[in-house]
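Subject: Structure handover

Hello,

Here is the structure we talked about. Please open it and keep it beside this message as you read.

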Amino acid sequence: MPELSDKMNLLDLDRAGMEAFFTSIGEKAFRATQVLKWIHQHRVIDLNEMTNLSKSLREKLQQMAEVRLPEVLVDQKSDDGTRKWLLRLDSGNSIETVFIPEGSRGTLCVSSQIGCALECSFCATGRQGFNRNLSTGEIISQVLVANHALGFDDEGERVVTNVVMMGMGEPLLNFDNVIAAMNIMMDDFAYGISKRRVTLSTAGVVPALERLRDTIDVSLALSLHAPNNALRDVLVPLNKKYPIKETLDVCKRYFDGKKHRYLTVEYVMLKDINDKPEHAHELVKLLKNVPSKVNLIPFNPFDETQYERSSQTAINKFRDILIKNGLITITRKTRGDDIDAACGQLAGRVQDKTRRTQKRVQLQAGAK
Ligand code: SAH
């Protein structure tokens with residue numbers, strides 16, 4: 001359902017967009033940084049309270065623009081400090097955003113789409129089908145809501161130090177809105193997070209990765225999950241379109257000319273599927289010439305999945321082979337599973353426009 005207001009949502013604009021907006025209404029471009037600061041640093045959403053804008057400008061703005069934040073439906077805290085917000089976007093849809101504290105780092109896991117079209121076979125979001133892209137405003141709202149709730153630590157630093165685009169959706173299939181939102185995350189007049197602390201995670205949309213290189217400098221994570229095409233075709237069906245070599249090549253090119261930057265390779269550990277020592281050796285060969293760090297992610301099960309999590313022994317053995325062969329490897333801790341906030345468990349509520357769910361139910365009924 002379309003949003004009811006036809007006013008411009010100022011949350012949709014990064015600095016360039018905001019400057020263009022002010023210029024287009026006959027105002028000075030520097031108003032952009034003032035308004036960005038009000039919204040993102042002071043969380044002032046009432047235009048009338050933006051007191052360094054003249055009264056007449058405020059009145060003019062109110063006629064055509066507003067700051068439209070999603071409603072926080074649920075705010076849950078896990079025993080381990082992980083926190084999850086459920087945000088209501090429009091009548092049928094909501095999304096989840098997760099905050100994961102670890103030592104001095106606080107990572108926010110942000111969604112880019114409602115549902116996902118990629119159908120990775122081990123991912124709960126893929127199961128739900130795809131509904132629509134999030135707007136820039138809906139993406140950056142997640143950062144705004146979390147920052148507002150968590151604020152600053154004793155040293156005056158923001159508690160949210162890192163953002164990963166690892167929530168629901170494939171960020172590169174919502175290119176422009178994700179770029180604008182990441183621009184706002186990194187803008188000193190908004191959140192001022194460094195490029196090393198903003199990570200885009202992708203299943204590997206090759207043409208969009210080419211474009212990304214010319215558009216923005218952030219950290220990059222690739223959801224590889226398999227060391228050969230036959231297996232990856234099954235786990236990440238996008239691989240049939242963009243096979244492994246092509247995908248790794250474009251990721252490598254992304255870091256061309258950038259020093260001390262590594263590709264994060266994500267690898268979900270699925271029992272007896274991709275977790276054998278031979279897979280580890282194959283992975284070592286594959287990543288030989290790719291400056292990378294491997295993140296092993298123990299699989300997080302969800303209803304109706306056919307997969308199981310690898311045993312701790314299998315994960316450790318796999319990790320040791322990679323490390324012995326010179327790959328920097330860490331096993332991602334499973335966090336927040338008591339509130340269903342772990343990787344791949346984010347669901348929100350999606351109106352399945354593709355009717356995939358209905359089709360599956362029919363198929364299952366037919367199979368009985
Ligand atoms: N579409 C993007 C970002 C979404 S998910 C991408 O593919 O990278 C972020 C990470 O969680 C991805 O590596 C994804 O493959 C992984 N993931 C998805 N489902 C999972 C599950 N059930 N258990 C563990 N990791 C999962």
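First, a term you will need: a helix axis is a line fitted to C-alpha atoms over the stretch in contact, and the angle between two axes is taken between their N-to-C directions. Also keep in mind that this is a predicted model.

**H6 and H7**

Start with helix H6, residues 175-186, and helix H7, residues 206-215. Their axes are 12 Å apart, and the packing angle is about 30°. Angles under 35 degrees count as roughly parallel. H6 and H7 are therefore roughly parallel to each other. The crossing of H6 past H7 is right-handed. On the H6 side, Phe175, Asp176 and Ile179 make the contact. On the H7 side, Ala208, Arg211, Leu212 and Thr215 do. Sorted by type, the residues of this contact are 4 nonpolar, 1 polar and 2 charged.

**H5 and H6**

H6 has another partner to look at. Helix H5 covers residues 136-150, and its axis comes within 8 Å of the axis of H6. The two cross at roughly 35°. H5 also passes H6 in a right-handed crossing. H5 brings Thr136, Ile139, Ile140 and Val143 to the contact. H6 brings Asn177, Val178, Ala180, Ala181, Ile184 and Met185. How many residues of the contact of H5 with H6 are charged? There are no charged ones; the contact has 8 nonpolar and 2 polar residues.

**H10 and H11**

Now move along the chain. Helix H10 (residues 277-286) packs with helix H11 (residues 312-324) at an angle of about 30°, and their axes are 9 Å apart. That angle makes H10 roughly parallel to H11. H10 passes H11 in a right-handed crossing. From H10, the residues that meet H11 are Pro277, His279, Ala280, His281, Leu283 and Val284. They meet Lys317, Phe318, Ile321 and Leu322 of H11. This contact holds 7 nonpolar, 2 polar and 1 charged residues.

**The ligand**

Last, find the ligand. His225 has a polar side-chain atom 2.6 Å from an oxygen atom of the ligand. A backbone N or O atom of Phe122 lies 3.0 Å from a ligand nitrogen atom. For Ala203, a backbone N or O atom is 3.5 Å from an oxygen atom of the ligand.

Best wishes

Key: Residues are numbered from 1 along each chain as its sequence is written. This is a predicted model: local features need pLDDT of at least 70, side-chain atom pairs count only at pLDDT 80 or more; totals for chains, interfaces and linings use all residues. Side-chain values use heavy atoms; hydrogens and water are left out. Axes are lines fitted to C-alpha atoms, for helices over the stretch in contact, and angles run from 0 to 180 degrees between N-to-C directions. Helices (H or I, at least four residues) and strands (E, at least two) are DSSP runs, numbered from the N terminus. Angles under 35 degrees count as roughly parallel, over 145 as roughly antiparallel, 65 to 115 as roughly perpendicular and the rest as oblique. A crossing is left-handed if the near helix is turned anticlockwise from the far one by less than a right angle, and right-handed if clockwise. Contact means heavy atoms within 4.5 Å. Ala, Val, Leu, Ile, Met, Phe, Trp, Tyr, Cys and Pro count as nonpolar, Asp, Glu, Lys and Arg as charged, and the others, Gly among them, as polar. A polar contact is a pair of N or O atoms within 3.5 Å; within protein, one must be able to donate a hydrogen and the other to accept it, and residues adjacent in sequence count only if both atoms are side-chain atoms.
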